Amino acid sequence: MIYRSPKYYQDFRCIAGGCRDSCCKGWEIDIDSDTAEYYRSIGGEFGKRLRDNIRDGCFVLTEDERCPFLNGQGLCDIYTELGEENLCRICSDHPRYFEWFGSVKEGGVGLCCEAAAALILSRPFALCETEVPDEDAAGDYDEELFELLLRAREDMFGVLLNEDIPLYEALCEVLDIAADAQSCIDMPSDEPQTCSDTEAALHGIFHCLSELEPIDGNWKPYISKCAEKLGCAAESCREHETYLRRIALYLIFRYLMKSVYDGEVLGYAKFAAVSVIVISMLYRCSPAENGCCSFTDCADIAKNYSKETEYCEENMAELLERFRTEPFFAIDSLKLLLPRSL
Ligand code: SF4
């Protein structure tokens, strides 16, 4: 089968002990049944430690929400004791994501990881294809719809990759392409009334974000503080547009084809546009000595946003729902907001 992924995928390396925000903290880690069975078979002291620290198919997190096998050097004791090949599925895959469509598999690395975020923001977006052994993991889907979505995604890549088109204009076009595709499929999406007051719309979006279930305790206060500064945000910097364009390409690549299964083509396009609006405003509202948020800060902000939205199933579902009902998420509201935020 064909495996399609962004080219930078091949260069991803976990920075383990050098990571400032390890993925082994703050999440519940489910252990797949094959690995759980293997862990139960391990003898000796390490086997006992494994059994003592696994409950209901998950690692028992410490009080400060760390994986009990994450040691003081930021390294994994299971990796050291049993080898990389014996990590559970979620630990060996993360932050890689995969999606299967018949004889095509797509994947990449997720923005929620520090090392992946640095790659996504710093590398030009280009896809590559390789032959990989067949995997039978695709669900049932409509082949015609798949082709339609593939064409829609190609069109979106076309405008987003054309740097002569300002990013706000490209994203307006992405929304139109998605609306057209949505109207061709048998799951039309409701569209809320437009909010033409851009200040109110921006505050509405930030308020909506602050109502989501926080993953990191620092997120809510940070978002609220930035919301207070929206009216006096700094000018945007030229390099920010490059990072934001790459984030939009990552989101469109990662999510658009999923709509062959759930019909959320417009929802995913709105997610890309809203993410660019929010991350851009966070860049502009973050204090910086020379007035422009550094690359590291930009990558960190994008990573934190990703953790709180796309990496929480409930929050993602909530956002997709609100895209259908809140006036500030209407297509025309977003089209007014895009030039205001970038
Ligand atoms: S967040 Fe990324 S770089 Fe950090 S420990 Fe996890 S996989 Fe490694």
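Arg 254 counts as buried, because 22 C-beta neighbours sit inside 10 Å; the cut-offs are 20 or more other C-beta atoms within 10 Å for buried, 12 or fewer for exposed, and partly exposed in between, with C-beta atoms placed from the backbone. This is a predicted model, in which local features need pLDDT of at least 70 and side-chain atom pairs count only at pLDDT 80 or more, while totals for chains, interfaces and linings use all residues. Residues are numbered from 1 along each chain as its sequence is written.

Let's stay with Arg 254 for a moment. Its place is in helix α10 (residues 238-255); helices (H or I, at least four residues) and strands (E, at least two) are DSSP runs numbered from the N terminus. Apart from neighbours within four places in sequence, Arg 254 is in contact with Tyr 97 and Gly 108, contact being C-beta atoms, placed from the backbone, within 7 Å. The C-alpha atoms of Arg 254 and Gly 108 are separated by 7.8 Å, although the two are 146 residues apart along the chain.

Now to the ligand. Among the residues around the ligand are Cys 14, Ala 16, His 94, Pro 95 and Glu 114, where a residue is near if its C-beta atom, placed from the backbone, lies within 6 Å. The shell divides into eight nonpolar, two polar and one charged. Here Ala, Val, Leu, Ile, Met, Phe, Trp, Tyr, Cys and Pro count as nonpolar, Asp, Glu, Lys and Arg as charged, and the others, Gly among them, as polar.

His 94 and Pro 95 are joined by a cis peptide bond with omega of about 5 degrees, and Pro 95 lies in the loop between α4 (89-93) and β4 (96-101). Most residues other than glycine have a negative phi, and most peptide bonds are trans.

Finally, helix α8 (residues 198-210). Its buried residues are Ala 201, Leu 202, Ile 205, Phe 206 and Leu 209. They cover an arc of only 130 degrees around the axis, so they are on the same side of α8; the arc is that of the directions from the helix axis to the C-beta atoms. What covers these buried residues includes α9 (219-228), α12 (265-285) and α15 (331-341).

Key:
Two residues are in contact if their C-beta atoms, placed from the backbone, lie within 7 Å.
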